[in-house]
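Dear colleague,

I am passing on the structure we spoke about, and below it you will find my notes on what came out of the analysis. Please read them with the model open beside you.

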Amino acid sequence: MADQTRRERLLTFLLLPAIVVAVLVLAGVMFRSSFQLEKLREQSVVEATLLLANEKADRLDKNIIDQDNAVRSTVDVNDRTSFGARWLESAAIQTPTVRAVFLIDLSAPGRDVVAVASRAPGPENERFRRLCVEFMLNEMKIDLPPYDQLRHLHTAYRGQSYLVSHWQSEVHGRRYLTVVWHDVPRIVHDLFPALYTDIQQSRMNVSDADGRIVFGKPLARTGPVLGRQFETTLYKWSVNVSMASSEELAQAVQRRRVLEMVLVALSSLVVISGLIVIVVAAAQERRLANLKSDFVANVSHELKTPLSLVRMFSELLQSGRVESDDKRRQYLQIIVGESERLAALIENVLDFAKVERGRQAYHFEQGNLAEVVARAVDVCRLRAEREHVEIALELGAELPPVRLDERAIEIAVINLVDNAMKYAPDGDRVDVVVRANATSVEVRVLDRGPGIVPEDRKRIFERFVRGKGTQAKQVRGSGIGLALVKHIAEAHGGRAWVEANAPRGSVFVLSVAR
Ligand code: ADP
């Protein structure tokens, strides 16, 4: 017993809270890690988009620089007359965005253009030359070493964008500057579309320093947009890439999070309800175990008492010391009565055992309930007379025949009448009424005993359960009689229940389906 309570205490105060805490911790960890995983996934999408933007920007830089290098390898700084002749031969193919190449003598005081090679000669070249010498030269930082390095100037004059590549070379001690004039509108209209064929136009565009779009369309503002300046060439502009899937991603993340939360909540619920079921089952099991041990004690006691009475009076008779015939008859009556009780009890226990094991087999036949009840009442009469109780039997008129197992009904009625006499000893009358209604035929056993408290009215029909106050009054019993009555009633398509009798006592009812 001490062992059991220690185990129970361990279960209630340590194990169960520990399991609940573990479940909560697990749920928390799961939720957090799923949250972090989503963050990581989001991060990786951001990184991928950034990579894409970088790659797009680098692609343009590389193309321009390749063209610059092509120019550099073909122009002849040493010979002003044939300065760009070789370049022009392959210019259209190799350097499609280069309009013209200028050579400026940096050592001359005027720092002017000394040679020009242009794919389209015209007044535009002259205008550019002036722009270059008067303004751009100042922006080019030509006095910064290393002089021969390829550099770029991205600038704007009167709302027009210019890109020039330039480098210096030394010829016979003089410094020359080669200026490559890239055609920006051409870059925008021809080069950008050619370079960026692999990405949807709605996902990227190119904007200038003021955020005006110079290439592409406004991006669908569904989520974050990553912008990256062109590093080397058109460095005043930037390429912008939108995370096309950012909204879908957010939705998917949200959906998954809700799903995971539901899963976590469900599994926690399952675990917690499982725990509750276990606790309730354990409590029930404990209660049943207690009831069973009470039952064993009660049955043993019930067997022992009549047996010792039978033995005592038999021994008295055997000794021949009982002189009067009256006394002998009285003793014999006690012996018969007690053996009957013993037999009834054993029959009850055996029947109950069969019910418990699901082995109880009923043999139904069409029969007359009134006859069976009358027979059962007769069985009880002997004891009733002994205890000075009158049993009144009232059979309703025109009782219909019902399907019944005679022996089972007899046992049920004996149990009810027996209880009425046992628990209502002060009353001198027990009424047994059989009457029919629309759906069933009822056997009602009325006593004028103490009655049943409302909270016990259902419980007492459970196996091993004995009513409140029964123990206190020292009434012998095993707690299986009413469980058996209930089983028998239900096997007959009916019910067993108890009502209050007026002004006192109870009415036990057993109904049989008609
Ligand atoms: P037992 O009589 O062996 O205890 P039962 O199943 O026949 O077992 O009855 C269960 C309980 O119902 C009894 O312990 C008693 O408390 C209560 N009971 C049964 N019949 C009556 C009655 N006629 N009057 C008062 N209480 C009753």
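The largest nonpolar core has 51 residues, and those with the most contacts inside it are L369, V373, I409, V417, V432 and L510. A nonpolar core is here a set of buried Ala, Val, Leu, Ile, Met, Phe, Trp, Tyr and Cys residues joined through side-chain atoms within 4.5 Å, where buried means under 20% relative accessible area, exposed means over 50%, and partly exposed is what falls in between, with a 1.4 Å probe and protein chains only. Helix 8 (residues 406–423) gives this core its largest share, namely nine residues. Helices (H or I, at least four residues) and strands (E, at least two) are DSSP runs, numbered from the N terminus. If its neighbours within four places in sequence are left aside, L369 is in contact with V402, L404, I409, V434, V441, V443 and V512, contact meaning heavy atoms within 4.5 Å. Another core, of 21 residues, lies apart from that one and has A57, V184, F192 and V241 among its members.

Before going further, please keep in mind that this is a predicted model, in which local features need pLDDT of at least 70 and side-chain atom pairs count only at pLDDT 80 or more, whereas totals for chains, interfaces and linings use all residues. Residues are numbered from 1 along each chain as its sequence is written, and side-chain values use heavy atoms, with hydrogens and water left out.

As to the chain as a whole, it has nine helices and 16 strands. Its radius of gyration is 54 Å, well over the 24 Å that the globule rule gives for 514 residues, so the chain is more spread out than a compact globule; the radius is taken over C-alpha atoms, and the rule is 2.2 Å times the number of residues to the power 0.38. Along the principal axes, the C-alpha atoms fill a box of roughly 165 × 55 × 40 Å. Buried residues make up 40% of the 514 residues, and of the contacts with a separation of 6 or more, 65% are between residues 24 or more positions apart.

Two pairs of residues illustrate the distances involved. M312, which has its place in helix 5 (residues 246–318), is partly exposed with a relative accessible area of 43%, and its C-alpha atom is separated by 130 Å from that of L150, 162 residues apart along the chain. L345, in helix 6, is buried with a relative accessible area of 9%; its C-alpha atom and that of R119, 226 residues apart along the chain, are separated by 124 Å. Leaving aside neighbours within four places in sequence, L345 is in contact with V299, E302 and L303.

Helix 9 (residues 481–491) has G481, L482, A483, L484, V485, I488 and A489 as its buried residues, and what covers them includes helix 6 (325–356), helix 8, strand 15 and strand 16. Just after helix 9, G493 takes a positive phi of about 75°.

Some backbone features deserve a look in the viewer. Most residues other than glycine have a negative phi, and most peptide bonds are trans. H172, in the loop between strand 4 (160–171) and strand 5 (174–182), has a positive phi of about 45° although it is not a glycine, and H172 is exposed, with a relative accessible area of 78%. E398, found in the loop between strand 11 (390–395) and strand 12 (402–404), likewise has a positive phi, near 50°, and counts as exposed at 79% relative accessibility.

There are cis peptide bonds to note as well. One joins P145 and P146, with omega about -5°, and P146 is in the loop between helix 3 and strand 3. The bond from A502 to P503 is also cis, with omega near -5°, and P503 lies in the loop between strand 15 (496–500) and strand 16 (506–513).

Finally, D143 is found in the loop between helix 3 (123–139) and strand 3 (151–157). This aspartate is exposed, with a relative accessible area of 52%, and, neighbours within four places in sequence aside, D143 is in contact with R111 and R175.

With best wishes
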